[in-house]
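Take a look at the protein chain below.

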Amino acid sequence: PDDVATIKGVKESVWRHPIASRLIAGSDCERSAFAESDGLVLKSRFDILPRSGNIIADLKTCERADLESVEKSISQYEYYIQAAFYLRVANLLGLGRSAFVFIFVEKTPPYAVACYQICDVVMQAADLIINRDLHLLKSCYESGRWPGYYENITACGLPQYQMKQLENIV
């Protein structure tokens, strides 16, 4: 019953939001897409793919939808890489998308909603990360070698904060 109430509250709040509701209305939702790039098959699953326009949108539930909390989530969960990757796949398929919007909705009443678009600098960095990772993936397929952790014995200590505490003792 609690989950049903939350889902209903989230849904109603998103549909009341002027931008979020426009993005969702007339869109294909949960649409899988596959594209080939440099011998690799790339897959995306778009939450919200409007049938017209240049936007892809993604719905995220969260504890808090304020800017600071959202930026922390975007960093922690690397949502910026997801956004750049989905735009890449869409454009490989000829969909002509240039913007990615996150719709963040809080999981508790009043189920506040906010829409965010990641800045260009962060999106450019995400593209570089994707290029690096796809290059590594391709090289792994070609060589049959999949690097893991260190191959030699590696020195380790403690987390940085604890090392500072030890320095004060020693």
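Cys-140 is buried, with a relative accessible area of 4%. Buried means under 20% relative accessible area, exposed means over 50%, and partly exposed lies in between (1.4 Å probe, protein chains only). This is a predicted model: local features need pLDDT of at least 70, side-chain atom pairs count only at pLDDT 80 or more, and totals for chains, interfaces and linings use all residues. Residues are numbered from 1 along each chain as its sequence is written, and side-chain values use heavy atoms, without hydrogens and water.

**Cysteines**
- Cys-119 is partly exposed, at 43% relative accessible area.
- The closest cysteine sulfur to that of Cys-119 is in Cys-115, 17 Å away, too far for a bond.
- The disulfide count is zero, where a disulfide is a pair of cysteine sulfur atoms within 2.5 Å.

**Overall build**
- The chain has six helices and five strands. These are DSSP runs, numbered from the N terminus: helices are H or I with at least four residues, strands are E with at least two.
- From the N terminus, the order is α-α-β-β-β-α-α-β-β-α-α.
- Buried residues make up 37% of the 170 residues.
- The C-alpha trace spans about 60 × 50 × 35 Å along its principal axes.

**Helices α4 and α5**
- The axes of α4 (residues 79-92) and α5 (residues 120-143) come within 8 Å and cross at roughly 75 degrees. Axes are lines fitted to C-alpha atoms, for helices over the stretch in contact, and angles run from 0 to 180 degrees between N-to-C directions.
- The two helices, α4 and α5, are therefore roughly perpendicular, a label for angles of 65 to 115 degrees.

How values were computed
Angles under 35 degrees count as roughly parallel, over 145 as roughly antiparallel, 65 to 115 as roughly perpendicular and the rest as oblique.
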